[in-house]
Amino acid sequence: MKPRIYLPKKISFYFLLFFHISYAGGFKVQEQSLNGTALNSAYVAGARGADASYYNPANMGFSNDWGENKSEFELATSLLQIPGFDFQVPTTNQGLYSQTNIKYQDTSKKCDWWNFVCLGALAAVNAFAPKQVDIEHSKPDSQIVNGSTGTTNFILPKFFYKSRTKSGFTFGASFVASSGLAMQWKDKGGEFLQDVFIMMVEFSPSLSYTIKDRFSIGIGPRIMYAMGSFNNVVYVPMQWKNGQKPSGTSPTCTDPKNSCIALTGADLDAIGIDNIPSELMNESAKDALKAVIKLGIFNNLDDIVDTSTTTMHGTTKVYQKSEGKDLSAGYRISASLRVFDNGMFSVVYNSSVPFNMQGTLEATSYVGGAMGNVLTKTNLNIAVNMPEILTLSYAHDFFNHRLRVEGVYERTFWAKGPNFLVTPDFENAEYIGLSGMVKHFTSEKLKSMVGLADFSGVSNMGAGWRDTNTFRLGITYQEKNFRLMGSVAYDEAPSPQDKIGIPDSNGYMFALGGKYKFRDFVLGLAYSLTIKDNRTSLYQQAANLGQFRILTASLEYHW
């Protein structure tokens, strides 16, 4: 039985950083409306008016902060900004090296002792045919590499609506962009993200029922659409997964750890002597082999070469272009209880929203050398889960309802995942050899090969995420025609800080905002600043502090 050929097949389908790039704690952006921005979402028990349809549907049935029971519509627009920054990160590029050992058939029996032509041809083969070839495909990077980003600006419009309360029932709806980002990462340190576009929108109709202005419940579906596209580079270790050679591996691949490619003489015949790359065999060796075949002493390379075994170690560079989209749904349920006349206690539960993104992927593996580069085109499924969130809040009014203080505790269940799971359609993938020997193989031939590279280190960049706590404190001062708001908050990062993956860190949030009412219109402006503490992050910035900014403007109409 002739040994099989082993080439990279799973050329990297596992690094699509979907939904996890937003700097607002994973991919969760809670600051949506004007009030939500000004209060850093310390706006749950105190939610009133149209935007309560998003933050706490149960509260839609209570009078708004202007003392009205009216239908309301709010149009808000937010500018999300991440200032450009420089950072350093440990490299994953170890360089790529290979050693090819060629074993020849026992050809001495082909020649009689008196056949000097035959003996001379055999001597030529022994003299010119290579026995061992060492190739440096790529050099490693220095241990620490630099990266940078430009300033990112992203504009997100949204609207909120609630009806007038009748017989205890209130209807509402919200349309928000719960995540959005278009960002480019530069230099060696930014290769793993490079070019990212993400958009997630949510439409949520809602219904509440209020009993005697004391207790209320609210519920509504969350209909979400997500899309994204990514260009990125990943360096994948060229070694057997978990140090174990896969079943069916050629017996000539004796290295217990490093990946191995084995070609028989018949395989080389299929390629053709002239198409054997010069890195593996120079022109003198090719001429010698063609000469002995022309003399009729050997029929083909299969008569001369037993096996050509290439052992690879280091990492191979893989460049990926991918995109995906999906429509999914969850639900939001809430309840509020008025505590005496000045307090309000609320609980809100947002269910998880699972996504199975359908998309496409093009991945180019830059092995180079005698083997060459491989392009893989396939469809894929990206499983991502918007996490469930449990929020507890209490708001208390002072000085005849002119001053409100609200505290919010938020628990986000990231650990339940999946945060990132990609399943490519291997069965129907198209494989194209771009250079080297693989250029002469058909897609069907390439499809039959199995993976060399160990993707376990980069297969799940959402692995290791933890459940997080967020603490929010908001203060609101209310007068007849204007409203002032301010807040502070602390938001934990779900992603591990000590490994390469999603660049996030714990955030300290500060915000201010105000509204002015004239007749049935309300104008508002709010600003939120999140300071990211990068001192414990693997992605060290020069200033050790990153920023995420939100500027929101809104217009309301009440009738």
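The model is predicted, so local features need pLDDT of at least 70 and side-chain atom pairs count only at pLDDT 80 or more, while totals for chains, interfaces and linings use all residues. Residues are numbered from 1 along each chain as its sequence is written, and side-chain values use heavy atoms, without hydrogens or water.

The chain has a mean pLDDT of 81; pLDDT is the predictor's confidence in each residue, from 0 to 100. A value of 70 or more is reached by 83% of the residues. Residues 1-26 have pLDDT below 50. Beyond near neighbours in sequence, this stretch makes 155 contacts in the model, a contact being heavy atoms within 4.5 Å. Residues 453-459 are also below 50, with 22 such contacts.

Strand E10 spans residues 259-264. Strands (E, at least two residues) are DSSP runs, numbered from the N terminus. E10 pairs with E11 in the antiparallel sense over six bridges; pairing requires at least two DSSP bridges between two strands. Ser259 stands opposite Met312 in E11.

A nonpolar patch lies on the surface, with about 990 Å² of accessible area together (Shrake-Rupley method, 1.4 Å probe; for residues, only the protein chains shown count as cover). Patch residues have over 30% relative accessible area and no salt bridge; nonpolar side chains (Val, Leu, Ile, Met, Phe, Trp, Tyr) are joined within 5 Å, like charges within 9 Å. A salt bridge is a side-chain nitrogen of Lys or Arg within 4 Å of a carboxyl oxygen of Asp or Glu. Members include Phe73, Phe482, Tyr516, Phe521 and Trp559. Strands E1 (72-82), E20 (482-491), E21 (507-518), E22 (521-533) and E24 (545-558) each give two or more residues. Leu555, one of the patch residues, lies in E24. Leu555 is partly exposed, at 40% relative accessible area.

Most residues other than glycine have a negative phi. Phe340 has a positive phi of about 55 degrees. Phe340 lies in the loop between E11 (305-339) and E12 (343-350) and is exposed, at 71% relative accessible area. For His401, phi is near 65 degrees. His401 lies in the loop between E15 (389-398) and E16 (403-412). At 39% relative accessibility, His401 is partly exposed.

Conventions: Helix = DSSP H or I, 4+ residues; strand = E, 2+ residues; numbered from the N terminus. Buried < 20%, exposed > 50% of the residue type's maximum accessible area, 1.4 Å probe, protein only.
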